Amino acid sequence: MTEDARFEDGRAAPLRLKALDADDLAVIAALTQDAVFPASEMHWDKKARRFGVLINRFRWEDAKADHTKRSDFERVQAVLAFEDVTNVQSQGVDKSDPDVVFSLLSIAFQAGEDGTGRIELMLAGDGVIALDVEALEVILRDVTRPYVAPSGKAPSHPD
């Protein structure tokens with residue numbers, strides 16, 4: 001008899017996820033909410049049709065429900081890669097200063113015809129990075145060990 005995987009079973013291992021549809025992407029979006037990254041860590045390889053970002057993501061999968069009594073919240077560096085990218089556009093994103101830090105709020109997919117579509121990365125401060133794709137394929141892979149979040153707090157959003 002096989003047993004379903006439990007959420008707790010994945011705690012110690014680095015994440016390696018792939019999204020091939022909107023439901024899969026919703027999982028990756030939830031895990032990357034409040035990730036931060038400097039402008040210098042975004043790269044579009046036009047020839048390979050890949051857009052990648054090295055993010056410092058908050059480990060939502062390890063955060064407890066009681067945020068008030070913890071001081072050991074963690075972040076981890078992860079690669080967030082988008083495949084089959086045919087065009088990249090941005091609005092409200094200053095790429096001229098490599099030290100500016102962006103905060104990722106959400107990722108959404110707008111389906112087009114025949115599997116094509118547009119992925120939008122919404123950033124704090126009304127910035128958006130839009131990726132036109134021939135097919136939805138997004139990879140999230142942790143690449144470092146978790147570290148204690150410098151703020152010691154879980155991100156929060158006013159209602």
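The model is predicted, so local features are reported only at pLDDT of at least 70 and side-chain atom pairs only at pLDDT 80 or more, while totals for chains, interfaces and linings use all residues. Residues are numbered from 1 along each chain as its sequence is written, and side-chain values use heavy atoms, with hydrogens and water left out.

The largest nonpolar core has 30 residues. A nonpolar core here is a set of buried Ala, Val, Leu, Ile, Met, Phe, Trp, Tyr and Cys residues joined through side-chain atoms within 4.5 Å. Buried means under 20% relative accessible area, exposed means over 50%, and partly exposed lies in between, with a 1.4 Å probe and protein chains only. Within this core, M42, L80, F82, I119, L131 and V138 touch the most other members. At least two residues each come from α1 (22-32), β2 (35-38), β4 (50-58), β5 (74-82), β7 (101-111), β8 (117-123), β9 (127-133) and β10 (138-142). Of these elements, α1 gives the most, with 4 residues. Helices (H or I, at least four residues) and strands (E, at least two) are DSSP runs numbered from the N terminus.

Two residues illustrate the surroundings within this part of the model. Contact means heavy atoms within 4.5 Å. Leaving out residues up to four places away in sequence, L80 touches I28, F51, G52, V53, I55, L104, I107, V138, I139 and L140. L25 belongs to helix α1 and is buried, with a relative accessible area of 2%. Beyond its neighbours within four places in sequence, L25 is in contact with A19, I107, A108, F109, L136 and V138.

Two strands count as paired if DSSP finds at least two bridges between them. Strand β1 (residues 16-19) runs antiparallel to β10 and is joined to it by 4 bridges, and A19 has V138 as its bridge partner in β10. Strand β5 also pairs with β10 in the antiparallel sense, over 5 bridges. In that pairing, the partner of F82 is again V138.

The whole structure contains 4 aromatic pairs. Rings of Phe, Tyr and Trp (its six-membered ring) pair if their centres lie within 6.5 Å; planes under 30 degrees apart count as stacked, over 60 as edge-to-face and the rest as tilted. F51 and F82 form a tilted pair, with 6.2 Å centre to centre and 45° between the planes. Because F51 lies in strand β4 and F82 in strand β5, this pair ties together parts that are 31 residues apart in sequence. Both F51 and F82 are buried. Elsewhere, ring pairs link F58, W60 and F73 into a cluster.

The structure also holds 9 salt bridges, each defined by a side-chain nitrogen of Lys or Arg within 4 Å of a carboxyl oxygen of Asp or Glu. In one of them, E134 meets R49, with the closest N and O atoms 3.0 Å apart. This pair links distant parts of the chain, 85 residues apart: E134 is in the loop between β9 and β10, and R49 in the loop between β3 and β4. E134 is partly exposed at 42% relative accessible area, and R49 is partly exposed at 26%. The backbone of R49 has a phi near 60°, a positive value in a residue other than glycine. D114, in the loop between β7 and β8, likewise has a positive phi, near 55°; its relative accessibility of 78% makes D114 exposed.

R57 and D142 form one with closest N and O atoms 3.0 Å apart. This pair connects strand β4, which holds R57, with strand β10, which holds D142, across 85 residues. R57 is buried at 0% relative accessibility, and D142 is buried at 9%. The side chains of E61 and R59 meet in another salt bridge, at 3.4 Å from N to O. E61 is buried with a relative accessible area of 12%, and R59 is buried at 6%. Through shared partners, salt bridges join R57, R59, E61, E74 and D142 into one network.
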